[in-house]
Amino acid sequence: MTTQMILALSITILMIVMIMSDKFSFGAPPMVACCLLVLTGVSTIERAFAGFINSSVIMIAGFMAVMAALQKTSLMSRIKSLMANLASKGGFKAYALLILVAMLGASLMSGSTGYYVMVITIASTIPYSKNLPNSKVLLPMAFASGKALIPVSVAFFMGMAVSLLESAGMTVTVAMPKFSLMVFISSVGFLLWTLFAYRLLPDYDIQAGGQDKKESAVAQVQEGTQLPKWKEICTYLAFAVSVAAMMISSLGEISAILPCLATGFLCLIGVFDFKEARANLFSPLILMMASVIGVANALADSGFTTMVGEAVASAMGGHVSYFVLTLVFCLLTSACATLTGASMGALFVFAPIGIATAMSLGIDPTGLACAMAVSAWSGGFLPIDGMPAMALGMGKYKLSQFLVYAVPMYLIGILFLSIGAVIAFPL
């Protein structure tokens with residue numbers, strides 16, 4: 001290992017330890033890590049703080065503010081009331097139904113930033129009920145927002161797999177039903193664990209303010225009655241435009257800036273004041289997401305990720321089964337993507353190695369490539385990127401509570417994904 005690799009890895013580990021200690025303000029550890037990367041010469045200011053001009057971060061910041069405005073509408077109040085009634089009546093059945101609803105939504109919008117932000121925000125507004133504590137709901141719903149129960153929106157992942165195979169010199173046609181079957185089996189594994197984990201999740205009220213729980217619920221319902229009708233309509237339009245922009249990748253950078261423009265518009269018409277907009281645009285969550293990108297850049301630039309992949313490929317030797325090969329490279333890709341925050345980078349580093357290893361062993365790499373394409377976005381066992389960080393923060397979970405649910409979920413998900421690859425793409 002080079003000095004740059006050692007420094008980058010040491011700073012990353014320090015950041016993770018700081019996050020795990022729960023002794024530092026949310027969002028502070030990755031910012032400290034970025035400063036240390038520059039101080040030690042591992043990264044430049046431009047690379048270390050590149051996340052603060054990252055289009056995805058800017059897009060999420062604007063959408064968070066738009067979602068805050070949506071909380072003031074009567075529609076959101078009705079949705080909260082419906083979810084609150086379900087939570088107060090249902091117990092485990094209501095829990096299972098809420099997870100299924102989130103997974104059904106993910107069937108069309110899986111991988112969409114706007115969708116998981118919306119799901120987490122709605123889940124965070126469910127009033128506390130002893131029959132179904134909101135702390136038992138938010139974390140599973142957050143992860144369910146990326147687990148399609150009926151996988152029909154898989155074009156992105158399938159396209160990635162095909163491009164990786166073609167770059168390795170293979171000409172293949174991946175059937176969408178087979179790819180969807182693999183994703184479905186992975187989602188079944190997630191659902192089984194989530195239903196089992198119901199009793200393991202903590203029981204407390206995630207909503208801040210210290211009010212009596214009944215008073216808090218009433219206050220939230222009344223919140224949506226404060227806006228005049230015309231302002232509500234404007235808020236709905238701003239929300240619709242933001243979600244549409246985030247889901248249409250062909251718009252390019254326009255899709256990233258439209259939520260911020262919508263935020264500015266809502267601020268101008270008085271849906272919220274600038275202080276409230278600023279609090280959402282520059283929340284600790286946004287600072288954390290932006291800073292983690294700089295850490296990912298440093299690990300990639302140092303060559304550490306490439307070195308690890310090559311070492312694993314060498315250590316596997318010349319005798320390994322199709323299932324084990326798929327499982328190992330999916331674990332490696334997803335773990336690296338989680339630790340670095342760079343899903344695309346992890347995939348493009350390890351997938352060529354995995355495909356080459358399979359081909360050298362005489363194994364058709366199609367299933368492996370498909371599984372790895374999905375696994376790069378199937379980590380999240382540490383709250384250091386995007387959705388997991390948002391779920392940790394908005395759910396006010398301790399890291400130990402987060403890990404009890406997330407680590408087994410991750411391992412079971414990758415296991416079922418590998419099983420799905422073997423079933424859907426048999427040799």
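Trainee: Which residues of H13 are buried?
Mentor: Ser-255, Ala-256, Pro-259, Ala-262, Thr-263 and Leu-266 are the buried residues of H13. Keep in mind that this is a predicted model.

Trainee: How many residues does H13 have, and what does it reach from first C-alpha to last?
Mentor: H13 covers residues 253-268, which is 16 residues. The reach is 23 Å, close to the 22 Å expected at 1.5 Å a residue.

Trainee: And what is the phi of Gly-270, which follows H13?
Mentor: The phi of Gly-270 is positive, near 85°.

Trainee: Stepping back, how many helices and strands are in the protein chain?
Mentor: The secondary structure comes to 21 helices and zero strands. The chain has 427 residues, and 54% of them count as buried.

Trainee: What share of the contacts with a separation of 6 or more comes from residues 24 or more positions apart?
Mentor: In this chain, 81%.

Trainee: Now H21. At what angle does H10 cross H21?
Mentor: Roughly 150°, and the axes of H10 (residues 176-196) and H21 come within 8 Å. With over 145° counting as roughly antiparallel, H10 and H21 are therefore roughly antiparallel to each other. The crossing of H10 past H21 is right-handed.

Trainee: What classes of residue make up the contact of H10 with H21?
Mentor: There are 16 nonpolar, five polar and one charged. On the H10 side, the residues include Lys-178, Leu-181, Phe-190 and Trp-193. On the H21 side, they include Tyr-405, Pro-408, Phe-416 and Leu-417.

Trainee: What about H19 and H21, how far apart are their axes?
Mentor: The axes are 9 Å apart, and H19 (residues 366-375) packs against H21 (residues 399-424) at an angle of about 150°. H19 and H21 are therefore roughly antiparallel to each other as well. H19 also passes H21 in a right-handed crossing.

Trainee: Which residues meet there?
Mentor: Gly-367, Ala-371, Val-374 and Ser-375 from H19 meet Ile-414, Leu-417 and Ala-421 from H21. By class, that contact has five nonpolar residues, two polar and no charged. Leu-417 and Ala-421 are also among the H21 residues that meet H10.

Trainee: How many residues of H19 are buried?
Mentor: Ten of its ten, so H19 is mostly covered. The buried residues run from Thr-366 to Ser-375 and include Leu-368, Cys-370 and Met-372.

Trainee: What does Ser-418 touch?
Mentor: Phe-323, Thr-326, Leu-327 and Cys-330, leaving out residues up to four places away in sequence.

Trainee: Different spot. Where does Ala-148 lie?
Mentor: In the loop between helix H8 (134-144) and helix H9 (155-167).

Trainee: Is Ala-148 buried or exposed?
Mentor: Ala-148 counts as buried, because its relative accessibility is 5%.

Trainee: How far is Ala-148 from Leu-100 in sequence and in space?
Mentor: They are 48 residues apart in sequence and 9.5 Å apart in space, C-alpha to C-alpha.

Definitions and conventions: Residues are numbered from 1 along each chain as its sequence is written. This is a predicted model: local features need pLDDT of at least 70, side-chain atom pairs count only at pLDDT 80 or more; totals for chains, interfaces and linings use all residues. Side-chain values use heavy atoms; hydrogens and water are left out. Axes are lines fitted to C-alpha atoms, for helices over the stretch in contact, and angles run from 0 to 180 degrees between N-to-C directions. Helices (H or I, at least four residues) and strands (E, at least two) are DSSP runs, numbered from the N terminus. Angles under 35 degrees count as roughly parallel, over 145 as roughly antiparallel, 65 to 115 as roughly perpendicular and the rest as oblique. A crossing is left-handed if the near helix is turned anticlockwise from the far one by less than a right angle, and right-handed if clockwise. Contact means heavy atoms within 4.5 Å. Ala, Val, Leu, Ile, Met, Phe, Trp, Tyr, Cys and Pro count as nonpolar, Asp, Glu, Lys and Arg as charged, and the others, Gly among them, as polar. The expected span of a helix is 1.5 Å times one less than its number of residues. Buried means under 20% relative accessible area, exposed over 50%, partly exposed in between (1.4 Å probe, protein chains only).
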